[in-house]
Amino acid sequence: PNDNSIRSPNGSRDITLMEPASPIQAFAPGVRFGIQAARTAFNERATWAVGLFGDGLARDIGDASQALARVIGRVTWLPHYKEDPVSPELIHLGLGGNYLLLPYGDVRYQSRPEAHLAPNLVDTGDIPAENALSLSAEAAWGKGPYSLQGEYLQAFVKEKDGGNLNFKGFYVSGSWFLTGESRPYDKTFGVFGKVLPKKNLSIKNGGLGAWELGLRYSHLDLNDGPVEGGRMNILMGGLNWDWNPVFKLRFNLGYGDIDKGASSGYLYIFQTRLEMNF
C-alpha cells in the first residue's frame with residue numbers, strides 16, 4: 001500500500017501545484033511497503049486508517065529516516081458537506097501521526113524547494129535517535145470553484161544521548177477554477193481527487209478544458225539545538241490546464257528564501273509539466 005493516502009487531504013497525484021509543499025516533503029511518511037486497514041464511519045462523514053510499514057521503496061517524497069518499522073495513522077471528519085452539481089460545499093478536518101521505531105539507522109529530514117530537479121536545500125543530516133514522532137493537523141474548505149487548504153506538521157525526535165529535538169512546518173494554499181469546476185472529494189478516503197472538466201478540450205465542440213489558478217505559501221524550520229538544517233520559505237503560484245480527465249498541462253512560478261541551509265539566499269523557480277494521469 002501507498003501510505004501517502006493516509007496522511008494528506010490530497011491524493012498523491014491530485015495536488016493543485018506541481019510538487020508537494022516543503023513540510024510534506026520533509027515529514028511525510030513517503031511510499032513504503034506495509035499493511036494497512038481503513039474504513040469510513042458515520043455515513044461516510046469520517047474516515048480512519050492505520051498501517052504498519054517498513055523500508056521498501058526508494059525515497060522520493062517523505063522523511064529520509066531509516067526505520068525498522070513505522071506506525072502511521074490518520075483520521076478525518078466532514079463537519080459540513082453539501083452535494084450540489086453546481087456549487088458543492090465542504091469543510092474537511094484531519095489529524096495524522098507517523099511513529100518511527102529506530103533500533104538501527106538515524107532520523108533525517110530534508111526538502112527540495114518544491115522543484116523536483118533541485119537539490120535538497122534544507123537538511124538536518126543524520127541524527128542518532130531512539131525514536132521519532134511526527135504529527136499533522138489539516139483543514140480544507142471548498143465552495144463551488146474556490147478552495148482553501150492548510151496543514152501544520154511537527155516532528156519530535158528523542159536522541160540516543162537523551163536530548164529532545166523539535167522541527168516544524170506548515171503551508172496554506174488556495175485555488176480558483178476559472179471555468180467553474182470544483183475540486184472533487186472522495187469521502188471513502190478523505191482526500192481530494194482528480195479534476196473532471198465540465199467540457200473537455202475540443203476544437204470541434206468548442207470545449208476549453210478546466211483552467212485553475214493556485215497559490216501556496218509554505219514554511220519549514222529544521223533548526224533546533226545543535227542541529228542547523230536550515231529554514232525555507234516558499235511562495236508558489238500555478239496555472240493548471242486540464243484538457244480532459246487524463247491529460248493536464250501545468251505552469252508554476254515560485255520565489256524562495258533559504259536561511260542557514262545548504263545554500264543561504266534567494267531563488268526563483270519556473271517549471272512546467274505535461275501530465276498523463278489514468
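This is a predicted model: local features need pLDDT of at least 70, side-chain atom pairs count only at pLDDT 80 or more; totals for chains, interfaces and linings use all residues.
**Exercise 1.** Find which strands pair with β10, and state in which sense each pair runs.

*Solution.* Begin with β9, which covers residues 146–159 and is joined to β10 by 13 bridges, the two strands running antiparallel. Within this pairing, F156 is the residue that stands opposite N166 of β10. Next, look at β13, residues 210–224, which pairs with β10 over 10 bridges, again in the antiparallel sense. Here F170 has H219 of β13 as its bridge partner.

**Exercise 2.** Describe the turn of the hairpin that β9 and β10 form, and name the residue that takes a positive phi there.

*Solution.* Four residues lie between the two strands of this hairpin, and G162 is the residue with a positive phi, near 100 degrees.

**Exercise 3.** Sort the residues of β10 by the face on which they lie, covered or uncovered.

*Solution.* Follow the strand through residues 164–177: the covered face holds L165, F167, G169, Y171, S173, S175 and F177. The uncovered face holds N164, N166, K168, F170, V172, G174 and W176.

**Exercise 4.** Locate the nonpolar surface patch of about 780 Å², and decide whether L52 counts as buried, partly exposed or exposed.

*Solution.* The patch is made by I35, W48, V50, L52, V71, V75, L95, Y99 and L101. The elements giving two or more residues to this patch are β2 (46–53), β3 (69–82) and β4 (89–101). L52 lies in strand β2. Buried means under 20% relative accessible area and exposed means over 50%, so L52, at 44% relative accessibility, counts as partly exposed.

How values were computed:
Residues are numbered from 1 along each chain as its sequence is written. Side-chain values use heavy atoms; hydrogens and water are left out. Buried means under 20% relative accessible area, exposed over 50%, partly exposed in between (1.4 Å probe, protein chains only). Two strands pair if DSSP finds at least two bridges between them. Patches are made of residues with over 30% relative accessible area and no salt bridge: like charges are joined within 9 Å, nonpolar side chains (Val, Leu, Ile, Met, Phe, Trp, Tyr) within 5 Å. Accessible areas come from the Shrake-Rupley method with a 1.4 Å probe; for residues, only the protein chains shown count as cover. A salt bridge is a side-chain nitrogen of Lys or Arg within 4 Å of a carboxyl oxygen of Asp or Glu.
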